[in-house]
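Morning, everyone. Let me put the structure up, and then we'll go through it chain by chain.

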Amino acid sequence: MPRVVVDVMLKPEILDPQGQAVANALPRLGVSDVASVRIGRRIEIEFTGEPDLGRAREIADKLLANPVIEDYTVRLVEADETADAHS
Amino acid sequence: MTARVGVVTFPGSLDDGDAARAVRIAGGEPIRLWHGEADLRGVDAVVLPGGFSYGDYLRCGAIARFAPVMETLVDAARGGLPVLGICNGFQILCEAHLLPGALTRNQHLHFRNRDQVLRVEATGTAWTNTFQPGQEVLIPVKNGEGCYVADAATLDRLEGEGRVVARYVGGNPNGSQRDIAAITNPAGNVVGIMPHPEHAVEALTGPSLDGLGFFTSVLKHLVGAPA
């Protein structure tokens, strides 16, 4: 069953202290060539019937993202692509 | 007649009891309201208390905003009902678009709890009319996501219209832009504040009695005394 994936990211101008904390930890892994890390949220939505991108956009705009501080994208993925993303 | 001040309890609210107590100590009658009921029970004002409504899932206040009580409250607030959002309540007011901007993770990522000096700047609101402009008060702050952010135009407008209600003095506990601790809507009936005035109403438990002023202000506002 195809799903709708909503990716929510803080707007570029909003400070992401979580991402900074992760970036600051990378040298401890021996990683020194990362300029920045930003953390967002991926939400997978499964509809009871056919996936509805318009409806998903409405959900994203009203609840999943706060447009004051966050941007979001909405896209359709096949079930196997979702599985890949988890591997 | 004693003013009836509603205090909403959401699943995960923490400070509803203290808020109701603060209302009573100030001389009002606290009325407990439940998130799942749209009925405001005819209250004269409402406090949205601190806590972690709905587990702070998704974003602080994001899910609480869609509680049945909020639908009624948003309309009532637009009609002039005094509403004070404290901490999580401030986050809910921003999510409900009754106040501009948003509260995000503290810049240093640490939960901060300490007694905090604030400077009260806007004294024309329903919740701050018993303070003097520039008055410094000592109120506990306790938050993990209290960093106030908004775009520069919004911040300029808040400052230009005198809608910054209070700022942090002697150190900004969470990285809030322009040291903002509390703001109000254009009408001055809706105020969001990150620190906790309801925890500073008694000598036994608080660092001062300064928080009481927020609750006596709304009572004064409701009897129509000049603000």
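Burial in chain A: 14% of its 87 residues count as buried. Buried here means 20 or more other C-beta atoms within 10 Å of the residue's own; exposed means 12 or fewer, partly exposed is in between, and C-beta atoms are placed from the backbone. One caution: this is a predicted model, where local features need pLDDT of at least 70, side-chain atom pairs count only at pLDDT 80 or more, and totals for chains, interfaces and linings use all residues. On labels, residues are numbered from 1 along each chain as its sequence is written, with chains lettered from A and ligands numbered from 1 in the order in which they are written.

Now the dimensions. Chain A has a radius of gyration of 16 Å, whereas a compact globule of 87 residues would be near 12 Å. That radius is taken over C-alpha atoms, and the globule rule is 2.2 Å times the number of residues to the power 0.38. The C-alpha box for chain A is roughly 45 × 35 × 15 Å along the principal axes.

What is the order of elements in chain A, from the N terminus on? They run β-α-β-α-β-α. Helices are DSSP runs of H or I, at least four residues; strands are runs of E, at least two; both are numbered from the N terminus.

Next, the sheet. Three strands of chain A form an open, antiparallel sheet in the order E2-E1-E3. Strands count as paired if DSSP finds at least two bridges between them. Strand E2 (41–45) and strand E3 (70–77) of chain A are at the edges, each with a single partner strand, so one side of each has no neighbour in the sheet. From one strand to the next, the twist averages 20 degrees. Strand E1 (residues 3–10) of chain A pairs with E3(A) over 8 bridges. Val6(A) has Val74(A) in E3(A) as its bridge partner.

Helix H2 (residues 53–64) of chain A packs on this sheet and touches E1, E2 and E3 of chain A. Its direction makes about 155 degrees with that of E3(A). Axes are lines fitted to C-alpha atoms, for helices over the stretch in contact; angles run from 0 to 180 degrees between N-to-C directions. Contact means C-beta atoms, placed from the backbone, within 7 Å.

On to chain B. It has 5 helices and 11 strands. Its radius of gyration is 16 Å, close to the 17 Å from the globule rule for 227 residues, so chain B is as compact as a globular protein of that length. Buried residues make up 57% of chain B.

Terms used:
Two residues are in contact if their C-beta atoms, placed from the backbone, lie within 7 Å.
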